[in-house]
Amino acid sequence: MPTVRQLAHEFLERRGLTTIFGNPGSNELPFLADLPDSFRYVLGLHEGVVVGMADGYAQATGRPVLVNLHAAAGSGNAMGALTNAVYSRSPLVITAGQQVRPAIGLEAMLANVEATQLMRPLAGWSGEPSCAADVPRSLAQAVFEAELQRRPTYLSVPYDDWAVELDTNAAVTLARTVRRGLSPDEAHLRELAEQVGTARNPVLVLGGDIDATGLFDRAVALAEHLDLPVWVAPSPHRLPFPNRHGLFRGVLPAGIAPVSGRLAGHDLILVLGAPVFRYHQHVPGPYLPEGSRLVQVTDDPGAAARAPMGEALVADPGAVIEALLARLPSRRQARDFVPNPPAETAEAALHPEQVFAALRDTQPADTSYVVESTSTNSAWWRQMDLRHDSSYFFPASGGLGFGLPAAVGVAMGRPDRPVAGVIGDGSANYGITALWTAANYAVPVTFVILRNGTYGALRWFAGLLGTPDVPGTDIPGLDFTRIAEGYGVPATAVTELDELRSVLKTTTDGPRLIQVDTQLTTP
Ligand SMILES: Cc1ncc(Cn2c(C)c(CCOP(=O)(O)OP(=O)(O)O)sc2=O)c(N)n1
Ligand SMILES: [Ca+2]
């Protein structure tokens with residue numbers, strides 16, 4: 001009779017979850033034993049890096065991803081990275097070993113006390129089977145819940161369950177499939193087409209979900225068909241529209257009043273694939289401009305329910321885009337791409353705009369950028385010219401430690417695309433051990449570390465909040481070339497623009513790190 005482990009491995013193989021991102025403890029070893037040859041285990045040296053890599057891989061592949069963490073302390077280390085995966089809506093299936101059932105209540109070493117509560121409220125579904133016979137079904141539930149809700153799930157399994165033999169009845173779980181159709185009904189589509197078709201000055205606001213669900217090109221088709229100006233929703237974790245397109249108007253600022261200011265004059269605000277909205281700095285004001293109506297289309301019921309204003313339609317934004325394209329006459333105008341402005345310069349070091357212009361001019365046009373540099377967003381959008389889907393990944397909840405690991409995960413998930421991580425010298429430290437995984441799995445990725453010696457964004461926030469003299473915002477003296485070499489990644493330190501451009505023009509079939517001294521700028 002098959003063991004729990006054999007049934008679990010077979011189920012995961014059938015569902016395509018054969019890449020496991022993990023960091024093991026003794027509780028996890030019985031699950032990892034006898035992995036079929038089709039499985040690949042990717043070791044991260046810290047659980048935050050493991051989940052960050054898995055998040056990047058899930059976003060790059062658009063598929064659920066298996067994560068295997070140690071109980072309690074291991075799972076706890078992953079919380080920061082998990083906050084990002086929740087808001088990027090990454091379908092991670094996080095599994096963790098548990099003590100044997102008789103040892104849990106007495107809280108023996110490595111007991112994951114109240115395991116199902118540990119990752120909540122971040123993880124969606126969270127479970128621990130009440131007996132070994134329920135492990136295969138519970139694992140299937142964890143996978144299907146992650147896929148359906150597009151939210152990480154957590155499954156804790158006592159380590160002696162895996163060797164238990166089950167009767168053939170448990171095998172029926174292997175054949176299960178679960179599918180979801182979210183097509184909006186005819187009445188909703190008719191009403192929405194009417195609203196858009198009769199609006200005097202409509203505007204399109206696109207969220208990261210548009211890129212995450214493969215709708216980048218269809219969103220461009222809709223904007224061009226109706227000649228709609230396009231804003232990106234605040235705090236984007238992905239780029240849903242080409243940022244040099246003639247219809248592109250920018251990334252909405254992450255404050256209530258500034259958003260209303262940018263959208264003033266539009267009588268219809270159509271929001272596709274975004275929460276309304278992911279504000280950041282608290283700048284109170286009217287949620288909507290005078291005379292504006294907001295309609296949000298999202299397949300995330302939670303995002304629809306918690307919005308503070310407007311109307312929401314819970315449906316697949318892709319189906320809505322196709323319906324509007326089919327029902328509304330073309331208003332297409334010729335719209336040229338906007339040329340890049342000259343890059344700002346600086347005295348003591350390179351201006352971030354010079355670094356970004358160098359990346360734009362030297363890297364392939366279809367490069368995927370994983371960005372985690374928090375004081376350079378304005379410089380980034382002024383200088384980059386991103387025209388492809390999956391061109392931009394940013395920590396979805398601002399939890400640092402995403403950049404280096406996610407760049408490794410994206411590169412593993414999209415071997416067909418060049419990948420570059422653009423990461424601040426502060427952020428890099430939260431996920432620095434990802435360099436070891438990049439070196440040991442020979443992942444082709446370029447890491448560009450922007451070294452300005454500070455937590456630049458916090459310096460800006462300190463001014464904004466009237467607390468300019470706060471401690472803890474300077475990080476002088478970090479040498480990422482020596483750190484990188486310690487983890488096995490070849491590295492170069494650059495201070496001059498010509499040097500940077502010539503290094504960037506070279507190629508590599510493995511990981512490399514380029515440390516660039518930059519001037520502190522404001523976000
Ligand atoms: C896990 C974690 N810890 C701390 C912070 C707070 N934080 C910190 C520490 C920032 C500074 C990042 O510095 P950097 O060098 O990466 O980039 P800039 O110098 O361009 O700001 S931005 C920010 O929100 C965070 N967002 N996430
Ligand atoms: Ca910095």
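**Calcium site and helix contacts**

Guide: Along the chain, the donors of the calcium ion (ligand 2) are spaced as D-x26-N-x1-T. Donors here are N, O and S atoms within 2.8 Å of the metal (3.2 Å for Na, K and Ca), and water is not among the atoms, so sites may look incomplete.

Visitor: Before we go on, what am I looking at, and how is it numbered?
Guide: This is a predicted model, where local features need pLDDT of at least 70 and side-chain atom pairs count only at pLDDT 80 or more, while totals for chains, interfaces and linings use all residues. Residues are numbered from 1 along each chain as its sequence is written, chains are lettered from A and ligands numbered from 1 in the order in which they are written, and side-chain values use heavy atoms, with hydrogens and water left out.

Visitor: OK, which residues coordinate the calcium ion (ligand 2)?
Guide: Asp425 through OD, Asn452 through OD1 and Thr454 through O, at 2.2 to 2.3 Å. Asp425 and Thr454 link distant parts of the chain, 29 residues apart. Asp425 sits in the loop between strand 15 (419-424) and helix 18 (434-440), and Thr454 in the loop between strand 16 (446-451) and helix 19 (456-464). Helices (H or I, at least four residues) and strands (E, at least two) are DSSP runs, numbered from the N terminus.

Visitor: Are Asp425 and Thr454 buried or exposed?
Guide: Both are buried. Buried means under 20% relative accessible area, exposed over 50%, and partly exposed in between, with a 1.4 Å probe and protein chains only.

Visitor: Switching to helices. How do helix 1 and helix 8 cross?
Guide: The axes of helix 1 (residues 4-14) and helix 8 (residues 135-149) come within 9 Å and cross at roughly 25°. Axes are lines fitted to C-alpha atoms, for helices over the stretch in contact, and angles run from 0 to 180 degrees between N-to-C directions. Helix 1 and helix 8 are therefore roughly parallel. Angles under 35 degrees count as roughly parallel, over 145 as roughly antiparallel, 65 to 115 as roughly perpendicular and the rest as oblique.

Visitor: And what does that contact consist of?
Guide: Val4, Leu7, Ala8, Phe11 and Leu12 of helix 1 meet Val135, Pro136, Leu139, Ala140, Val143 and Phe144 of helix 8. Contact means heavy atoms within 4.5 Å. By class, that contact has 11 nonpolar residues, no polar and no charged. Ala, Val, Leu, Ile, Met, Phe, Trp, Tyr, Cys and Pro count as nonpolar, Asp, Glu, Lys and Arg as charged, and the others, Gly among them, as polar.

Visitor: What about helix 3 and helix 17?
Guide: Their axes come within 7 Å and cross at roughly 40°, with helix 17 covering residues 403-413. Helix 3 and helix 17 are therefore oblique to each other. The contact includes Gly52, Gly56 and Ala60 of helix 3 and Ala406, Gly409 and Gly413 of helix 17. Its residues divide into 9 nonpolar, 5 polar and no charged.

Visitor: What else packs against helix 3?
Guide: The buried residues of helix 5 do, and they also pack against strand 4 (92-98). In helix 5 (residues 79-87), those are Ala81, Leu82, Asn84, Ala85 and Val86. Just after helix 5, Arg89 has a positive phi of about 60°.

Visitor: Where else does phi go positive at a non-glycine?
Guide: Asp34 has a positive phi of about 55°, and Arg150 one of about 50°. Asp34 lies in the loop between helix 2 (29-32) and strand 2 (40-43), and at 64% relative accessibility it counts as exposed. Arg150 is in the loop between helix 8 and strand 6 (153-158), and this residue is buried, with a relative accessible area of 13%.

Visitor: Which residues does the cis peptide bond join?
Guide: Arg120 and Pro121, with omega about 0°. Pro121 is in the loop between helix 7 (115-118) and strand 5 (126-127).

Visitor: Last one: what does Thr376 touch?
Guide: Leaving out residues up to four places away in sequence, Thr376 touches Pro352, Phe356, Leu450, Thr521 and Pro523. At 5% relative accessibility, Thr376 counts as buried.
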